Amino acid sequence: MIDRRKFLGTVALGTASAAFLAACGQSSTAGQAGSAENPVTITYTWWGNDDRAERTRKAIALFESKNPDIKVNGNFSDFAGYWQKRATEAAGGGLPDVMQWDLSYLRDYGQRNQLLDLGTVKVNTDSFDKSLLPSGQIKGKTYGIPTSTNAFAVYYDPAKLQSLGIAEPDGTWTYKEFNAFLTEVGAKGNGTLFGGTDYTGIWWNFNIWLRQNNIQAFTEDGKLGFSKDDLKKWWNLTADLRGTGAIVGEDKTTQLLPKSPFGSNVTATEVTWDNFMAGYLADSGAKELKLVPVPSDDPDNLGLFLKPSMLMVASAKTKYKDAAARFIDFMVNDPEVGQIFKTSRGVPASKTQRDGTTFEGTDKLVVDYEKSIEKYLKDAPEPPIVGFGTLESTFKRVTQDLNYGKLTVDGAVDAWFKEAEDLIKQNA
Amino acid sequence: MTQSPTLSRRSASAPAQPRKSRRRGADARAGYTFLLPWLLGFIALTVGPMISSLYLSFTNYNLFDAPKWIGFDNYVSLFQDERFLQSVGVTMQYVVFGTPLKLAAALAIAMLLNSKRKGQGFYRSAFYAPSLIGASVSIAIVWKAMFGDSGPVDQGLSFFGINLGGWVGNPNMTMGMMILLTVWQFGAPMVIFLAGLKQIPADLYEAASMDGAGPVRKFMNITWPMLSPVIFFNLLMETIHAFQIFASAYIISNGEGGPAGSTLFYTLYLYLRGFSDFRMGYASAMAWLLVIVVGIITLIFFKTSKSWVHYSGDSK
């Protein structure tokens with residue numbers, strides 16, 4: 001069987017276009033190749049909603065029509081279930097050939113030799129911003145290629161602010177000013193409209209605040225770069241806001257799931273990633289949503305950065321390294337793929353893809369926002385430590401307990417640090 | 001009085017008929033042959049994984065790297081883990097309050113359905129129906145909607161002047177909601193109670209009526225003792241079952257055990273530790289601790305049952 005495949009692969013080599021020659025040429029050493037008559041099938045999995053599934057199917061169909069020697073078998077789930085499935089697959093040695101990936105889990109799998117070093121295959125990264133690529137690299141090996149970028153922002157609904165008679169923010173604010181703004185919305189919203197959710201509950205927002213204070217979240221050797229006092233200061237930022245109209249109560253938030261309070265028109269603002277725009281518009285039915293930078297006490301250092309909103313990775317055990325590499329290359333670089341996804345994955349990371357995509361309406365808002373903060377942008381973060389996914393979710397959970405009044409700030413800090421220290425010891 | 005209502009007793013005394021030994025050998029072979037598919041599955045899919053999880057419980061295992069032997073460390077750190085202790089508290093609360101309530105509801109309804117009335121067959125099916133769909137995912141989702149802010153439950157209670165708001169997001173109310181969900185799924189124990197009630201000879205009640213006994217007296221002196229083996233069986237099964245609650249808690253709390261850890265049931269925490277945090281050794285230790293605790297509780301039940309469970313074959 002294998003001999004026949006190799007033979008057909010050689011036949012395909014002869015007829016394939018010059019562009020594919022290099023990619024296929026490696027196949028004799030780096031895996032099996034297919035042909036139009038006898039295509040290889042690779043598996044691809046991603047997380048996301050129906051909208052993303054629809055777009056991904058279109059992209060796969062396009063890839064298959066351009067690459068008749070490869071078939072792609074797609075499969076998707078929601079974000080939480082996604083990682084549980086990958087964990088069991090990895091344990092059984094059966095990860096899909098190509099996967100959509102999140103920065104939080106890159107080290108867990110990359111460092112444990114579950115992911116293919118994409119430096120050994122051909123994926124074109126010439127048109128990527130050089131400051132972005134290290135996010136997908138661990139100790140000099142490239143495990144993930146960013147599909148797109150996102151940045152942190154404050155969303156607001158201009159119509160809601162107008163109805164309360166509150167001026168639109170211009171995005172230059174300190175934490176104190178931002179708190180005052182949330183409080184004003186809460187006071188005028190009168191129990192039906194809240195300022196926002198507790199912004200101290202999101203790890204990445206804390207990370208930005210640390211950067212604003214010139215503190216690194218994690219040290220080179222995988223330890224925590226900040227102290228308990230730093231975290232205490234952070235969680236105390238909204239201490240006076242909790243339980244008031246400035247912050248929507250956790251009991252309400254829980255009941256709105258899976259929608260967010262902002263998407264459910266319960267809050268006027270939300271601090272999160274800019275590629276959530278399409279989702280918020282669909283959920284809330286708002287005519288228009290706007291983006292401004294996050295607050296900072298240092299006007300010259302907003303702590304902002306472009307993060308790969310998702311990466312493409314391949315399994316270390318894939319039998320079809322070249323097919324996997326070609327699919328990844330296609331997904332991150334092809335301009336037509338950009339046209340299919342627009343900004344729903346984030347702003348395309350590859351310049352080729354970005355320039356080939358026309359952004360209109362809300363997509364343009366996201367692209368414009370990322371352009372407007374360009375001068376504040378710092379290097380993208382390195383892949384976080386092993387087990388970071390747990391730390392991120394613990395961060396959120398502990399803040400929820402804070403808002404329920406089940407924990408004091410000191411208790412919350414102790415709880416999170418114990419989890420973090422256990423985890424670092426565990427993986428040492 | 002000739003038959004015991006318990007299943008276990010009956011099956012234990014059934015095959016005790018004398019046979020020729022050669023026949024018995026052939027029968028046994030045939031029996032084991034028919035048993036083989038199940039036996040293989042049992043060994044490969046239940047016993048094997050259990051043994052390996054026992055081994056894993058003494059290791060540090062993250063699914064990717066080879067397990068590292070750490071002795072009793074997992075078991076020791078369990079008792080320093082606040083969330084573990086919280087999950088034990090939550091589960092105990094559920095078992096202690098949920099199980100008796102569920103059994104009381106099951107028994108009360110079984111007694112109602114046991115009386116002679118027109119259309120009783122319809123009522124029996126109707127009351128059993130919730131349990132058929134009760135364990136499914138869909139009902140937990142419905143439950144979540146019902147107990148949400150301005151959901152039917154909230155609106156119904158406001159009508160009577162009780163304003164509790166939504167239950168789903170309120171850590172003080174979620175346990176009540178979970179217990180109501182399990183009480184509502186009383187069908188399985190109810191059917192067993194009903195079968196038990198039918199075994200009680202009617203002449204006992206007739207004789208008691210003639211002696212002037214009221215309904216309470218009849219229940220205490222006839223129904224309860226006559227039914228005690230069935231009550232014991234149901235109590236045991238439902239208690240074990242309650243310890244294993246997972247699916248409904250997972251759905252109602254979006255797999256997180258929230259709000260504020262109020263639905264962090266033992267098995268849910270075990271699952272999160274194993275599959276979200278990749279701490280399989282820790283999760284295995286939790287699993288084995290649960291096996292041991294449920295085993296001890298079962299043992300206590302059997303020991304104490306002698307004082308209140310009456311079998312018809314007993315001397316008194």
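**Stop 1: where chain A meets chain B.** Select chains A and B of this predicted model. 20 residues of chain A are in contact with 21 residues of chain B (contact: C-beta atoms, placed from the backbone, within 7 Å). On the chain A side, colour α5 (79-91), α11 (250-256) and α17 (388-403): these are the elements that give two or more residues to the side touching chain B. Helices are DSSP runs of H or I with at least four residues, strands are E runs of at least two, and both are numbered from the N terminus. Now colour that side of chain A by residue class: six nonpolar, seven polar and seven charged. Ala, Val, Leu, Ile, Met, Phe, Trp, Tyr, Cys and Pro count as nonpolar, Asp, Glu, Lys and Arg as charged, and the others, Gly among them, as polar.

Residues are numbered from 1 along each chain as its sequence is written, while chains are lettered from A and ligands numbered from 1 in the order in which they are written. In this predicted model, local features need pLDDT of at least 70 and side-chain atom pairs count only at pLDDT 80 or more, but totals for chains, interfaces and linings use all residues.

**Stop 2: chain A as a whole.** Chain A holds 18 helices and eleven strands. Its C-alpha trace spans about 75 × 50 × 40 Å along the principal axes.

**Stop 3: two domains.** Select 2-147 + 309-359 of chain A for domain 1, then 152-305 + 380-426 for domain 2. These bounds come from an automatic or database domain assignment. The domain centres, over C-alpha atoms, are 33 Å apart.

**Stop 4: a helix pair in chain B.** Show chain B again. Select α13 (residues 266-276) and α14 (residues 280-308) of chain B: their axes come within 7 Å and cross at roughly 160°. Axes are lines fitted to C-alpha atoms, for helices over the stretch in contact, with angles from 0 to 180 degrees between N-to-C directions. So α13(B) is roughly antiparallel to α14(B) (over 145 degrees). Among the residues that meet are B:Tyr266 and B:Leu270 in α13(B), and B:Met286 and B:Leu290 in α14(B).

Technical notes. Two residues are in contact if their C-beta atoms, placed from the backbone, lie within 7 Å. Angles under 35 degrees count as roughly parallel, over 145 as roughly antiparallel, 65 to 115 as roughly perpendicular and the rest as oblique.
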